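Student: I have a new structure to look at, and I would like to learn how to read it. Could we go through it together?

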Amino acid sequence: MIYFSQHSVKNPVENNEKNSVMIVQKLVCGYISAGFMLQGHSPHRHYTPGCCVKDSGRLNIKGIVLSSPLLVLASTSIYRSELLKRLQLPFTTAAPEVDETPLPGETAQATSQRLSQEKARAVATTYPDALIIGSDQVALLDGQQIGKPLTHDNAVRQLRAMRGKTTSFYTALTLLNSRTGRMQTEVAENQVTLRELSDEEIEGYLLKEQPYHCAGSAKSEGLGIALMSRMTGEDPNALIGLPLILLIEMLRRENVKLF
């Protein structure tokens, strides 16, 4: 369920002027600032928390269903959620139940693409009329896939193997329109080279940031940047977990406007 905090918005009853309005959205999972365009209405009304509910995947304010489908992030990652907030669009999150084990002989790029699609499909039955975002990241070092370390010891082994070398990160993005079945999938690639790190530096970093749920055992958006000597790629946001440049283009193809 989605709630809106008190804010001046367009009144769908009192007037019919073709204007837009910014709504501050409050989700159950936390507060975010969100810009959502309501066309054909004018201001003067205050909506209070609880006046907006989700109805079959669309937003419903005081019984009036908005034409834009609900945006769903098929992920519980706080990093992806924080990135998506930058677009100032209302969204909710859902946890996809997906086995992330690579298939035998599957390339890193293919693994990331498949998992991003599976994550989007996994929540489609719950949200049958929504735009669902699925994303997955796989790292590749010396021809071997690198996943989330999950433990301190695994993270130490990953960083020791990666030091002084360049690792490729493949971040796949899928946007699924669960009403029409249209699915868009693309992959962003980033290259990260680590410095010749000492064992003491690796231990010190891991104890401070504990990036055990990050492929490659480092957070480029945090202290992990201190481990890196070089970073290249099409979109720095992809390395954090969500390729926003690709997402914006996909949303445009679904006629979703940011401003």
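Student: Leaving aside neighbours within four places in sequence, which residues is L242 in contact with?

Tutor: Good place to begin, and keep in mind that this is a predicted model. We set aside the neighbours of L242 within four places in sequence. What remains is the list R80, L83, L84, I133, S135, L173, N237 and L247.

Student: Where do the buried residues of helix 1 lie, seen down the axis?

Tutor: Helix 1 covers residues 78–85, and its buried residues are R80, S81, L83 and L84. Seen down the axis of helix 1, they fall within an arc of 160°, so they line one face of the helix.

Student: At the start of helix 1, what does a side-chain oxygen of S77 reach to?

Tutor: Look for a backbone nitrogen there. The S77 oxygen comes to within 3.2 Å of it, and this nitrogen belongs to Y79.

Student: Is E106 buried or exposed?

Tutor: First find E106 in the loop between strand 9 (92–93) and helix 2 (108–122). Beyond four places in sequence, E106 touches T111, R114 and Q145. Its relative accessibility is 17%, and buried means under 20%, so E106 counts as buried.

Student: How far apart in space are E106 and Q145, C-alpha to C-alpha?

Tutor: In sequence, E106 and Q145 are 39 residues apart. From C-alpha to C-alpha, the separation in space is 9.6 Å.

Student: Which element has the lowest mean pLDDT?

Tutor: The chain averages a pLDDT of 80, and 74% of the residues score at least 70. Over residues 1–57, however, pLDDT stays under 50. Where pLDDT is low, the predicted coordinates should not be read in detail. Strand 13 (residues 183–194) has the highest mean, 98, while the lowest, 27, belongs to strand 5 (residues 42–46).

Terms used: Residues are numbered from 1 along each chain as its sequence is written. Side-chain values use heavy atoms; hydrogens and water are left out. Helices (H or I, at least four residues) and strands (E, at least two) are DSSP runs, numbered from the N terminus. Buried means under 20% relative accessible area, exposed over 50%, partly exposed in between (1.4 Å probe, protein chains only). Contact means heavy atoms within 4.5 Å. pLDDT is the predictor's confidence in each residue, from 0 to 100. The arc is that of the directions from the helix axis to the C-beta atoms. A polar contact is a pair of N or O atoms within 3.5 Å; within protein, one must be able to donate a hydrogen and the other to accept it, and residues adjacent in sequence count only if both atoms are side-chain atoms.
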